[in-house]
Amino acid sequence: MILWDRIRENPELLTRAFRDPGLVGLGLNRAYYDYTGDSQYNTRGTDVFEEDWDNLILLDACRADTYAEMTPFAGTPETRQSRGSASKQFVHGNFKDKRLHDVVYISGNRWYLQLQDELNCELHAYHDVERDVADGFVPSPEAVTRAVLDLKDEYPNKRLLIHYMQPHYPYLDTDNDAFELDRTGLRETVRGSDVSYEDVREAYRSNLRYVLEHVQTLVEELDGKTVISSDHGEMLGDRLTPFPVRWVGHPPGIFTDKLVTVPWHVVADGPRRTIRADPPVESDAIDMAEVEQNLKDLGYKV
């Protein structure tokens with residue numbers, strides 16, 4: 001869909017563009033990727049389920065460059081190209097029409113739940129992690145680690161897909177009140193304050209440092225081959241491409257390098273588990289109205 005089609009369907013976009021010229025650049029970039037045919041997801045990205053792992057740990061919105069600078073784990077991280085510039089596209093690109101009866105998904109990110117009716121996907125099991133911080137918007141790293149440790153022995157012959165919400169906003173490990181979640185998303189929070197791009201980068205790095213401490217605890221307890229990666233990257237005042245407008249966050253459908261280049265770091269490669277596929281088991285009961293509201297509270301359009 002070209003930019004003009006978007007404006008015709010949503011006339012308020014034109015008014016918003018006058019108030020915020022950055023939206024024009026965003027729209028042009030999105031129109032470009034629509035035109036190239038990659039609007040639903042990044043078809044050049046990696047199918048994570050075709051990669052070799054027993055445990056795949058996803059750090060939400062984790063940039064490859066920042067991860068490489070800060071990782072406490074030995075070895076040089078590789079990179080992969082994600083199938084999304086946002087979680088919704090990552091989920092579409094990896095789960096659509098799959099029978100993943102050897103996978104248990106333990107997740108602090110709720111896009112799989114929101115999209116499950118259209119995904120036509122079967123997992124062996126899905127476990128939603130308790131949302132215990134930021135007024136119940138996200139799970140803490142402690143909560144994700146605790147959930148995995150509580151569940152891992154229940155699934156000794158399954159691949160574990162583990163999804164932490166950090167370093168994704170909200171920034172939990174910061175004293176800067178300007179980063180309080182205001183239900184409009186990170187970019188609008190920054191625009192409405194005197195926060196600099198450097199402030200954003202420092203808060204992001206602090207959030208990444210915070211989650212890595214708890215990932216390290218988890219890695220030490222898991223057997224088999226463990227890989228750390230991400231669903232997408234993050235713009236921290238960088239310029240989108242091909243139209244160079246500065247942005248904060250991770251707009252969907254814009255497959256610029258900072259958004260689709262993600263870490264791929266083998267952090268443990270011990271004796272492998274025997275993995276087998278078994279029919280799906282009943283997953284946790286979830287209030288879908290709560291899931292939708294939770295995503296809206298995080299600034300997403302659902």
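The model is predicted, so to speak with its own ground rules: local features need pLDDT of at least 70, side-chain atom pairs count only at pLDDT 80 or more, and totals for chains, interfaces and linings use all residues. Residues are numbered from 1 along each chain as its sequence is written, and side-chain values use heavy atoms, with hydrogens and water left out.

**The chain as a whole**

- The chain has eleven helices and nine strands; helices (H or I, at least four residues) and strands (E, at least two) are DSSP runs, numbered from the N terminus.
- Of its 302 residues, 55% count as buried, where buried means under 20% relative accessible area, exposed means over 50%, and partly exposed lies in between (1.4 Å probe, protein chains only).
- Taking contacts (heavy atoms within 4.5 Å) between residues at least 6 apart in sequence, 75% join residues at least 24 apart.

**The nonpolar cores**

- A nonpolar core is a set of buried Ala, Val, Leu, Ile, Met, Phe, Trp, Tyr and Cys residues joined through side-chain atoms within 4.5 Å.
- The largest one holds 39 residues, and Ile57, Leu59, Ile162, Tyr164 and Val215 touch the most other members.
- Elements giving two or more residues to this core include β1, β3 (99–107), β5 (159–164) and α9 (197–221), and the largest share, nine residues, comes from α9.
- Not counting residues up to four places away in sequence, Ile162 touches Leu56, Ile57, Leu58, Ile106, Val144, Val148, Leu218 and Leu222.
- Another core, of 29 residues, lies apart from the largest one, and among its members are Phe95, Tyr112, Leu115 and Phe137.

- Strand β6 (residues 225–229) is largely enclosed by the rest of the structure, because five of its five residues are buried.
- Lys225, Val227 and Ser229 point one way from β6, while Thr226 and Ile228 point the other way.
- Strands pair if DSSP finds at least two bridges between them.
- With strand β1 (residues 55–59), β6 pairs in the parallel sense over four bridges, and Leu56 stands opposite Val227 there.
- With strand β9 (residues 261–269), β6 pairs in the antiparallel sense over four bridges, and His265 in β9 is the bridge partner of Ile228.

**Helix α5**

- Eight of the nine residues of helix α5 (residues 87–95) are buried, so this helix is largely enclosed by the rest of the structure.
- Its buried residues are Ser87, Gln89, Phe90, Val91, His92, Gly93, Asn94 and Phe95.
- The cover over them includes β1, β3, α6, β4 and β5.
- After α5 comes Asp97, with a positive phi near 60°.

**Aromatic rings**

- Rings of Phe, Tyr and Trp (its six-membered ring) pair if their centres lie within 6.5 Å; planes under 30 degrees apart count as stacked, over 60 as edge-to-face and the rest as tilted.
- By this rule there are eight aromatic pairs.
- One of them, Tyr112 with Tyr126, is stacked, at 5.5 Å centre to centre and 15° between the planes.
- Tyr112 sits in helix α6 (residues 111–119) and Tyr126 in strand β4 (residues 122–128), 14 residues apart.
- Tyr112 counts as buried at 5% relative accessibility, and Tyr126 is buried at 4%.
- Ring pairs link Phe49, Trp53, Phe95, Tyr105, Tyr112 and Tyr126 into a cluster.
- Arg159 lies over the face of Trp53, 3.8 Å from the ring centre; a charge sits over a ring if NZ of Lys or CZ of Arg is within 6 Å of the ring centre and within 35 degrees of the ring normal.

**Two helix residues to look at**

- Thr66, in helix α4 (residues 64–70), counts as buried because its relative accessibility is 6%.
- Beyond its neighbours within four places in sequence, Thr66 is in contact with Tyr204, Arg205 and Leu208.
- Gln216, in helix α9, counts as partly exposed because its relative accessibility is 30%.
- Leaving aside neighbours within four places in sequence, Gln216 is in contact with Pro72 and Phe73.
- Gln216 and Val267 are 51 residues apart in sequence and 9.5 Å apart in space, C-alpha to C-alpha.
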